[in-house]
Amino acid sequence: SLQRLILHMWQSGQRLQDIVDMEWSQYKQIQGNGFFTFNQKKIEKEMTVYVSSTLQNALKMWSNENDIHFLEPTNNPKLIHTSHTGVPWTTDNAQKRLRFARKQVENHPAILEMNKKIPGFDIHNYTFHGLRHSAISNLVEAHSTPEEVQAFSGHQSKRMVEHYSREKNTREMSLRAVKKAEQYVNGRESK
C-alpha cells in the first residue's frame, strides 16, 4: 500500500527505486536488530542498512498479515511493497499515487491516519525524495558522524553528507543568534 511505502521511505532514508524492489529475503534480524542487505542501484554497491524499531515493527506486522493480495496472480509475494491491488510498485506509479494522495488528502483515510499517528508528519510537505532527505537529516540532527550517515544513506561522497550538516548548522546558528539577541535586549531593558 502507499501508506507502507511512505513509512518505509520515511524511516529508512533509502531511494525509492531500491525500496520498491526490496524483497523479503533481503531482510534479516540478528540479536533483535533488523537490517536489509541489497544492491543500491544508483551506486551499484551492496549495502547493509539497519532499520529503526518503528520500521522493524511494521515489517513484522506486514509479514504476518494474511492479505488477500498474496493470492492474486499479479502479486509478487517476494516483494515487500505492492499496490493495494497486488501489483508491484514502479517508481513512476508510486510518485503518481503520492501526488494524487497529496491532492486528495481529505478523502484518503490511510494518509489522514498517518498524519494523526506520526508526530510531525504531514503528507502535504513530502515527496519521496523529501522523505529520504528527512530521514538523513534526522541522523544529522541526532549528531551521527558523517561516516555513519554515509553508511546509512549510501552517499559516495562526504560532500553530499556535508550538505545535510550545513543545513543543521545554519539552523543552530540562527537559533543561537536569536537567543543572543533576546539576552541582549532583555539585559538592556532590565538596566
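The second largest pocket in this predicted model has a volume of about 160 Å³. A pocket here is an open set of points on a 1 Å grid over the protein atoms alone, where a 1.4 Å probe fits, with protein on both sides within 12 Å along at least five of seven lines. Thirteen residues line it, and the closest to its centre are Arg-15, Lys-42, Arg-132, His-155 and Met-160; a lining residue has an atom within 4 Å of a point. Helices α6 (128-141) and α8 (158-189) each supply at least two lining residues.

Some ground rules. Residues are numbered from 1 along each chain as its sequence is written, and side-chain values use heavy atoms, with hydrogens and water left out.

Now the salt bridges, that is, a side-chain nitrogen of Lys or Arg within 4 Å of a carboxyl oxygen of Asp or Glu. The structure holds 2. In one, Lys-41 meets Asp-21 at 3.2 Å, N to O. Lys-41 sits in the loop between β2 (33-40) and β3 (45-50), and Asp-21 in the loop between α2 and β1 (27-30).

In the other, Glu-147 pairs with Lys-158, the closest N and O atoms being 2.8 Å apart. Glu-147 is in helix α7 (residues 146-153) and Lys-158 in helix α8, so the bridge ties together parts 11 residues apart in sequence.

Last, confidence. The chain averages a pLDDT of 79, but pLDDT stays under 50 over residues 66-74. Where pLDDT is low, the predicted coordinates should not be read in detail.

Notes. This is a predicted model: local features need pLDDT of at least 70, side-chain atom pairs count only at pLDDT 80 or more; totals for chains, interfaces and linings use all residues. pLDDT is the predictor's confidence in each residue, from 0 to 100. Contact means heavy atoms within 4.5 Å. Grid points are joined across faces, edges and corners, and a volume is the space filled by probe spheres set on the points. Helices (H or I, at least four residues) and strands (E, at least two) are DSSP runs, numbered from the N terminus.
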